[in-house]
Amino acid sequence: MIQLKRPHEIEGIKRSGKILAECLLKLEDIIKEGVSTWDIDRFCYLYIKEHKAIPSCLGYCGYPNSACVSVNEVVIHGIPSKKKILKEGDIVSVDLCVTLDGFVSDSTRTYEIGKVSDDVHKLNVVTRECLNVGIEAAGKKGARILDIGTAVFKKAFLENGYGVVRDYTGHGVGFDLHEEPEVPNFNDRLLPNPRIKPGMVIAIEPMINMGSWQVDTLKDGWTVVTKDGKPACHWEHTVAITDNGIEILTQL
Ligand code: MF3
Ligand code: CO
């Protein structure tokens, strides 16, 4: 069941999303060569706690940290580690969920360390554009959920030849971290395709691979990597559909 949110509930998710957005913005100054993925997680944990909020990923399904920190060929769910030190040319995705007064928001950005190759930079730019076209598609009058995936897939695969991850999707969010509906980054006629209505709050999150769409999970049970070892990017926003159109809740 899709749980619609009332305006004051959307405001609550927006307050949670503001803390999240500020944290991801502050990370721009923290993330650089020599910093470990554990340092990034630690910063997020402290920042969220300082703002009287809860890092929702910590303990979620047994996940051991506050942030998912995914470097290069790691697509999602990278577990922070003191041994994983960032170096020039790397990319790192930081996926964060924040709960404030019971309201959950979810957002991800991919950061570049120093100068990255032109290929990798383009992948990151296009993935961010995929998020934007997905949001735009969701905001159109009468749109359905799979219109998001249609737009993302067109930009990622049809226009740029990138692999679109199929094993993980966006999702409803707000009262819980993962709610209905599923929000795929591709369109498949057999998938559920509810109409998008005012009161819906969803996390749109393209996960885009430079090479093949296929992924593997490492033995730790979490880390999702590209099968071909090529890099992947991930951008995510929590958005609300209101009577006045679409609103991004994890943007300052
Ligand atoms: N933020 C992730 C998402 O977008 C959820 C991470 S699950 C966790 O759905 F267990 F790793 F936290
Ligand atoms: Co999400």
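**View 1. Helix H1 passes helix H2 in a right-handed crossing (the near helix is turned clockwise from the far one by less than a right angle).** The model is predicted: local features need pLDDT of at least 70 and side-chain atom pairs pLDDT 80 or more, while totals for chains, interfaces and linings use all residues. Residues are numbered from 1 along each chain as its sequence is written, chains are lettered from A and ligands numbered from 1 in written order, and side-chain values use heavy atoms, without hydrogens and water. H1 covers residues 7–30 and H2 residues 37–50 (helices are DSSP runs of H or I with at least four residues, strands runs of E with at least two, numbered from the N terminus). The two axes come within 10 Å and cross at roughly 140 degrees (axes are fitted to C-alpha atoms, for helices over the stretch in contact; angles run from 0 to 180 degrees between N-to-C directions). On the H1 side, the contact is made by Ile19, Glu22, Cys23, Lys26, Leu27 and Ile30 (contact means heavy atoms within 4.5 Å). H2 contributes Ile40, Phe43, Cys44 and Tyr47 to the contact.

View 2. Strand S14 (residues 237–242) is joined to S15 by 4 bridges, and the two run antiparallel. One residue pair to look for is Val239, whose bridge partner in S15 is Ile248.

**View 3. Four residues coordinate the cobalt ion (ligand 2): Asp106, His171, Glu205 and Glu236.** In sequence, the spacing of the donor residues is D-x64-H-x33-E-x30-E. Distant parts of the chain are linked by the pair Asp106 and Glu205, which are 99 residues apart. Asp106 sits in strand S5 (residues 103–112), whereas Glu205 sits in the loop between strand S9 (201–204) and strand S10 (207–209). Asp106 counts as buried because its relative accessibility is 2% (buried means under 20% relative accessible area, exposed over 50%, partly exposed in between, with a 1.4 Å probe and protein chains only). Glu205 is also buried, with a relative accessible area of 6%.

**View 4. Strands S4 and S5 form a hairpin with 2 residues between them.** Asp101, in the turn, has a positive phi of about 50 degrees. The antiparallel strands S4 (residues 91–100) and S5 are joined by 10 bridges. Across this pairing, Val98 has Ser105 of S5 as its bridge partner, and Leu96 stands opposite Ser107. In S5, 9 of the 10 residues are buried, so S5 is largely enclosed by the rest of the structure. S4 is mostly covered, with 10 of its 10 residues buried. Ile91, Ser93, Asp95, Cys97 and Thr99 point one way from S4, while Val92, Val94, Leu96, Val98 and Leu100 point the other way.

**View 5. Strands S1 and S2 each pair with S4 in the antiparallel sense.** Strand S1 (residues 54–55) is held to S4 over 2 bridges. In this pairing, Pro55 stands opposite Val98. Strand S2 (residues 67–71) pairs with S4 over 5 bridges. Here the bridge partner of Cys68 is Asp95 in S4.

**View 6. An open sheet of 3 strands has the order S3-S12-S11.** The pairing in this sheet is antiparallel. Strand S3 (74–76) and strand S11 (215–217) stand at the edges with a single partner strand each, so one side of each is left without a neighbour in the sheet. From one strand to the next, the twist averages 40 degrees. S11 and strand S12 (residues 224–226) run antiparallel and are joined by 3 bridges. Among the residues involved, Val215 has Thr226 of S12 as its bridge partner.

How values were computed:
Pairing = 2+ DSSP bridges. Donors = N, O, S within 2.8 Å, 3.2 Å for Na, K, Ca; no water.
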